[in-house]
Amino acid sequence: MIGQFIDGPLWTFSLTVFLIGVVWRIAAILMAGKRPDLATPKGSAGAGALRAVFSRFLPERTVTTQGRLPLIAGYLFHLGLFALLFFAQPHIDFIAEKITGLSWPAMPHWAFIVAAEFAFAGLILLWLHRILHPVTRLLSDLDDHIGAVLVFLVMLTGCLALAQAFEPLRLIHLLSAELLLIYFPFSKLMHAFTFVMSRSYTGATMGRKGVNA
Amino acid sequence: MIRPKILQFDDGDGRSAGWLLLLLILYSLPLDTIAKEPISKDLPAAAVLNPAAELWRDVRQRDQPTTGSTQVRGVDSGVLINAYGDQWRKFRMQQLIPVGGYALMGIVIALAVFYLMRGKVPIEGSESDKKLPRYSTYERMIHWFMASIFLFLAITGLILLFGRPVLIPMLGKEAFSILASACKEGHNLIGPLFLFALILVFSQFVRRNIYQKGDLNWLLKGGGIVGKKHVSSNFFNMGEKTMFWMLVFVGAVIVISGLVLVFPLFGQGREWMELAHVGHAIGALLMIGVIIGHIYIGTIGMQGAIEGMKTGYCDLNWAKEHHDLWAGRAEERGEALSNEEVAQLTHNHPLPSSLGVRTQEAGK
Amino acid sequence: MSEPFDQGVQVLRQQIDAGISAYFSSCVHCGLCAEACLFYTETDNPRYTPIHKLEPMKKLWRREHTFWGKLGALLGLSEPLTEADFSEWETLVYDSCTLCGRCSMVCPVGNDITDMIRKQREGFSAAGYAPEGMKEATRRALEIGSPMGVTYATLKAALAHVEKDTGLNVPVDRQGADYMTLFSSMEVVNFPEYIAAITRIFHAAGVSWTISSEAFEATNSGIQIGNKDAAAELVNRVVTAAEKLGVKSVISPECGHAYMAIRWEGPNLIDRAYPFEVVHILELLDQLKAEGRLRLASKENTPMTLHDPCQIVRRGGVIQPPRELLNSVAEHFIEMKDHGVMNWCCGGGGGVSANERAEPLRLQAFNRKKQQLDESGVDTMVTACANCRIILEEGIEHNEMDTAVISLTELIADHLLEGGKEN
């Protein structure tokens, strides 16, 4: 049956593609290498890298004076999605059952609702910003839209399956999540991992120069 | 105790000719799926004195205070049977669903007839070579945010309301139960975002929607719909302003009643929920009707109407024809831009030739 | 396909290292970098969005480093990098980017967009798609020794004037001096006051210094046009001269990109660490002041503000010294909004000042600086870069503003306590 396929082999396949793909992408970047910097440093590269990884979670004032809504939407979406992904009871149960065997406390139902509202509002606003603002409109390519649509589908099907009473709804949610996992390593969604590398490289360069970036 | 008055009328005896007409159409159509009541056909015709009748009446608490006393703590826990539930159910099945359904169909048919008569309203002076900035990116974002939320809620809400008579015959009960569950969860979860959208839209657009001198004139001339002459108007015309205020007030009713329905945290009992449901449904059907008209104008109804909301800029001639008072002032302020300038600001457009490679002066 | 084009693509290919790959992988096209770029904020043209200027390099990266790109190339579906891409992007890469580095500070995923453009220029210049003005400047730097065509004879004449004006001896080719000083051509030609200023300061502070007749030029057109061979050659001249004279340190002049070239890019360009130290003149002055060797008298009463040269402050890390120094000679030092590492560029860095066709755009971009100045309400702007100075003065003249631009080193020299008495 299609249900068993989605629950079994397709899940294993998509998780494998995701894991191997992500590791492969990160390894490919690292293996491209970076020449060592021979200039006498003024500050520490390591400290600069560490600093940048965290400091870039907060925006510079230059970008906060223009277009606050996309910034707020960015926070709403990322924080909401993170909370939903890792702290919703059904997800914790699923991860415990299918992947790690470990479970941790879930967030209360009200927090779940709030996180879902945040994530939906954020994603819709961000995507609207993408297609309406002249800059993002010019920059965006197919990959950006596919990524946004897939994440939206996963969130939507998840929210439609909230009653946890109908197997088909759960399977649709799982199927869309599997599609997302398969697409993930081949797309811009990789930024969820590579942002640490980008921030570190820049932070290290700037750290050596004694600039807090 | 508050007795919801709206639940007390028990049949739709038309009060005006319009109602009567609508009801005539309504009753002339096969509606057995809607009106079919799950009353047992085997009920004995003769009125036999039922020994349990007395008890039954007491339990329903027709003539006594609605709440009894109980150890169970909770809203409505002292109520054995809600006396108004049946009235509410009848209203939903016999009035709300058929009347609402045909009203929406009526709007669509009316618009189709209007379109066949008038066609797409063109820009009379045809498109000009200049544009006026009309909506900022932020304004367009919140408009389309509101639009996407509204559409999602309207579709899921309509499925929930009309699913039984319309979709069950098409999909079957099992498939519909899945769809209904999905719609219910989705509608409840996304619902609160409508409040967020409403606040954003209200605070951004309220100033331009305050009624001004000249608005009444627009109304008296029928907004240019009746007859072919354009009527003077400001940034928003009387019709748009009215739609805005309907959105604000009817929207507030929808939001409040929706919150009452979805969050049973405020101590509201079933009667309040029934009242909220009626307000929610009527308000939503009203707004859906209005928005169908809004979408009609934006898409097939009028040339150039959606441009401002799509690109941020509207055609100068369109602005002069439909919002002449605003267009005149904006043009005086020197806001008009050539189509080329707008293309550069909004799209992937080549750089002006002064910066192009061809102007490279060799050797300097 | 022509040969320079193939070479350009090949050079561009070599630029794609782990950093560039991580940057392209991380960019989610959020567009925030646009708000940091003065070419975008002053024109509202989305094409000036910093990351958009990297489309050619991104195209190559996509095709050769991503799954979809490789698949597309295999099936012949995706278009390779073309000569048209180079020609279409040339103005974006050279005219509308001063390598100021603001975008690199705001990118939420931490991309060093400035470094990406710096690297992309390597490919563009190899393919022959660079502004004539910059090509010429690089040619003159390699052939004559200075992008402006300044020879040692010109410098010698300027030094004679300085010696006459100050009554001090300017040491040339002095073996075993502590410091070897470099100049930018612009200082030799337009601002010889700078040479006089350091002559007097070094004399008063008792600094052992010299000028090399073989390598006095600090500017490096190679790092601006993006030609690492030319850049390495120019750096090598300085390193050879410094090693020959056996100096302990080389002093970078006020000029911004000269500091970037000799201090940060230099060792990587010539592939070895220096046997000497490189200091910026402001770092040295700050150090002399801290050691009590640089004594200053009296303070300016005019309110003053500081224009941070991008390559010295944001990209160079000399952030506090100019502030310490200015505070010691100015009673009313007022910081601009967005000062320090987030200050706005003058609009003429990264070779834009050497690129004539960029002038109208550069003057438009200057509006950002004008607005900053208007907000600060100060009429005297101190800076520490000869190129910034020229560009700022042009902008001020173009806008008919009443603002004075002065060099920090010269300002310090004006307040020097020489032989116990104020100058």
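The contact between chain C and chain A takes 45 residues from chain C and 43 residues from chain A, two residues being in contact if their C-beta atoms, placed from the backbone, lie within 7 Å. This is a predicted model, in which local features need pLDDT of at least 70 and side-chain atom pairs count only at pLDDT 80 or more, while totals for chains, interfaces and linings use all residues. Residues are numbered from 1 along each chain as its sequence is written, and chains are lettered from A in the order in which they are written.

On the side of chain C that touches chain A, these elements give two or more residues each. Helices (H or I, at least four residues) and strands (E, at least two) are DSSP runs, numbered from the N terminus.

| Element of chain C | Residues |
|---|---|
| helix 2 | 18-26 |
| helix 3 | 32-36 |
| helix 6 | 67-75 |
| helix 8 | 102-106 |
| helix 16 | 256-269 |

Helix 2 of chain C supplies the largest share of that side, 7 residues.

Chain C also has an open sheet of 3 strands in the order 5-6-7, with parallel pairing; strands pair if DSSP finds at least two bridges between them. Strand 5 (304-306) and strand 7 (404-407) of chain C each have a single partner strand, so one side of each is left without a neighbour in the sheet. Neighbouring strands are turned by 35 degrees against each other on average, direction ignored.

Strand 5 of chain C is joined to strand 6 (residues 380-383) of chain C by 3 bridges, with C:T305 opposite C:M381. Helix 21 (residues 386-398) of chain C lies across strands 6 and 7 of chain C, at about 170 degrees to strand 7. Axes are lines fitted to C-alpha atoms, for helices over the stretch in contact, and angles run from 0 to 180 degrees between N-to-C directions.
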